[in-house]
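Me: I'd like to learn how to read strand pairing and packing in a model. Can you walk me through it?

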Amino acid sequence: MKKNAVVITDKDSIAVATMDLKEGDLALMFINNESHEVRLKNDVAFGHKLAIRSISAGEHVIKYGESIGLATQAIQAGEWVHVHNVESERGRGDQHA
């Protein structure tokens, strides 16, 4: 199996695409040296994130074993994960109180 997505830890809820992937493609990755695959529900560009399991609205999105933000809506396995469905907990630099 040639992987086309990377998962850093088994705690992660997302993977990162290592090439442009199209809706319907299989994202192929290893988690703890075991093969894992997820059918994509959206196009995912190189370097972008995709959900490797369902993530509930309000749930932490995990990358590198750490929260990178909260899901603003339910995200299904295989969906593109980006600013349209995740909000940083660290605050936005473009919005000031």
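Me: Which residue in E9 is the bridge partner of Leu-70?

Reply: The general idea first: strands of a sheet pair through backbone hydrogen bonds, either parallel or antiparallel. Here, in this predicted model, Leu-70 has Glu-87 of E9 as its bridge partner. Two bridges join E9 to strand E7, residues 66-71, and these strands run antiparallel.

Me: What is the strand order of the open sheet of three strands?

Reply: Read it as E6-E7-E9, with antiparallel pairing. The edge strands are E6 (60-63) and E9 (86-87), each pairing on one side only.

Me: Let's look at a side chain. Is Ser-67 buried or exposed?

Reply: Ser-67 lies in strand E7. Its relative accessible area is 17%, so Ser-67 counts as buried, the cut-off being under 20%.

Me: And which side chain does Ser-67 join in a polar contact?

Reply: That of His-60, at 2.8 Å. A polar atom of the Ser-67 side chain also lies 3.3 Å from the backbone nitrogen of Gly-69. Leaving out residues up to four places away in sequence, Ser-67 touches His-60, Val-61, Ile-62, Glu-89 and Arg-90.

Me: Now E2. Which residues point one way from E2, and which the other way?

Reply: In a regular strand the side chains alternate between the two faces of the sheet. From E2, Ile-14 and Val-16 point one way, while Ala-15 and Ala-17 point the other way; all of them are buried.

Me: Which strands does E2 pair with?

Reply: Strand E1 (residues 5-6) joins E2 through two bridges, running antiparallel, and Ala-5 has Ala-17 as its bridge partner there. Strand E5 (residues 49-51) pairs with E2 over three bridges, also in the antiparallel sense.

Me: How about the cores? Which residues of the largest nonpolar core touch the most other members?

Reply: That core has 13 residues, and the ones touching the most other members are Ala-15, Ala-27, Met-29, Leu-50 and Ile-52. Strands E2 (14-17) and E3 (26-31) are the elements that give two or more residues to this core. E3 supplies the largest share, three residues.

Me: What is Ala-27 in contact with, leaving aside its neighbours within four places in sequence?

Reply: Its contacts are Asn-4, Ala-5, Leu-21, His-36, Glu-37, Val-38, Leu-40 and Leu-50. There's also a second, separate core of nine residues, with Val-16, Val-61, Val-81 and Val-86 among them.

Technical notes: Residues numbered from 1 in each chain as written. Predicted model: local features only at pLDDT ≥ 70, side-chain atom pairs only at ≥ 80, totals over all residues. Heavy atoms only, no water. Pairing = 2+ DSSP bridges. Helix = DSSP H or I, 4+ residues; strand = E, 2+ residues; numbered from the N terminus. Core = buried A, V, L, I, M, F, W, Y, C linked by side-chain atoms within 4.5 Å. Buried < 20%, exposed > 50% of the residue type's maximum accessible area, 1.4 Å probe, protein only. Contact = heavy atoms within 4.5 Å. Polar contact = N/O pair within 3.5 Å; in protein donor to acceptor, adjacent residues only side chain to side chain.
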